[in-house]
Amino acid sequence: MPEVGALIVGEPTANYPVIGHKGALWLRCETRGKTAHGAMPELGINAIYLAADALGKIQHFSPGAPHPLMKQPTLNVGRIEGGLNINSVPDRTRFDVDIRSAPNLQHATIRERLTTLLGESVTVSTLVDLPAVLSREDHAWIKQVYQRCQPLHAEPIAPRVVPYFTDASLLLPALGDPPCIILGPGEPSMAHQTDEYCLLSRLAEAEQLYGDIIRDWMASPPATKVKNE
């Protein structure tokens, strides 16, 4: 593959140039107990109770310090599963944790801290481990894209990030870490909503915008095509 000098990720930003997004660390936590008949719970170890104790600890767990631009990292327990039927003591429960991080945080450290907090009754495994993305706002190409986007927005273009993650987490390391802009016509607040939509006017703007950015790139001297360093 030829050297990649810059990357545009077409996620919904209402055609606002975004220079980064949070990382994602998805963890699966599992508790193991001992099954027994529901009429004799004293003979078993209830894995749901063990999970409930762990969830109480997680609720007050902070992944780390805030980032100047990405602000506070977040944590959400998005799924839980346990038990076979109502009349037995469950011997297994698992729940999934979604942590959104920033460049100032190390995922290995977050997982280690959380594992220590939960103790030996909880087994923690990693489902997804994707780094945060943040391009330099003073990069020449980033500034050029800002200038192209400015006529579409009333307020001056300023460095902005989004809380969701994109394919940039995978693409940038594979492509040598070129400067990256997340830019697309969809409305960020509508992503994954039941009535998600995209305005036709935004699509027309994006078509013109992408064309202008590509033409600017093709016309720029090779010296401006440098890495995101």
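Which residue forms a salt bridge with Asp53, and how far apart are the closest N and O atoms?

## A salt bridge within a helix

In this predicted model, the partner of Asp53 is Lys57, and the closest N and O atoms of the pair are 3.8 Å apart. That distance falls within the 4 Å limit of the rule for a salt bridge, by which the count comes to 14 salt bridges. Side chains of opposite charge can pair when their charged atoms come close. Both residues belong to helix α1 (residues 47-58), and because they are four residues apart there, Asp53 and Lys57 are separated by about one helical turn.

## Two domains and an annotated span

The domain assignment divides the protein into domain 1, made of 7-21 + 133-219, and domain 2, which covers 23-130. The C-alpha centres of domain 1 and domain 2 are 34 Å apart.

From UniProt, in an unreviewed entry, comes the annotation "domain: Peptidase M20 dimerisation", which is placed on residues 19-119. In the model, the span of residues 19-119 is 24% helix and 35% strand, and its end C-alpha atoms lie 38 Å apart.

## Where the domains meet

Contact between the two domains involves 12 residues of domain 1 and nine residues of domain 2. About 810 Å² of area is buried between domain 1 and domain 2, with carbon and sulfur atoms giving 80% of this area. On the side of domain 1, the residues that lose the most area to domain 2 are Leu134, Val161 and Phe165, which together account for 55% of what that side buries.

The side of domain 1 that touches domain 2 draws at least two residues from each of β2 (20-21), β9 (133-134) and α4 (168-175). By residue class, this side of domain 1 consists of nine nonpolar, three polar and no charged residues.

Technical notes. Residues numbered from 1 in each chain as written. Predicted model: local features only at pLDDT ≥ 70, side-chain atom pairs only at ≥ 80, totals over all residues. Heavy atoms only, no water. Domains from an automatic or database assignment. Contact = heavy atoms within 4.5 Å. Buried area = accessible area lost by both parts, 1.4 Å probe. Nonpolar A, V, L, I, M, F, W, Y, C, P; charged D, E, K, R; others polar. UniProt positions renumbered as here; feature names shortened; annotations may be inferred. Salt bridge = Lys/Arg side-chain N within 4 Å of Asp/Glu carboxyl O.
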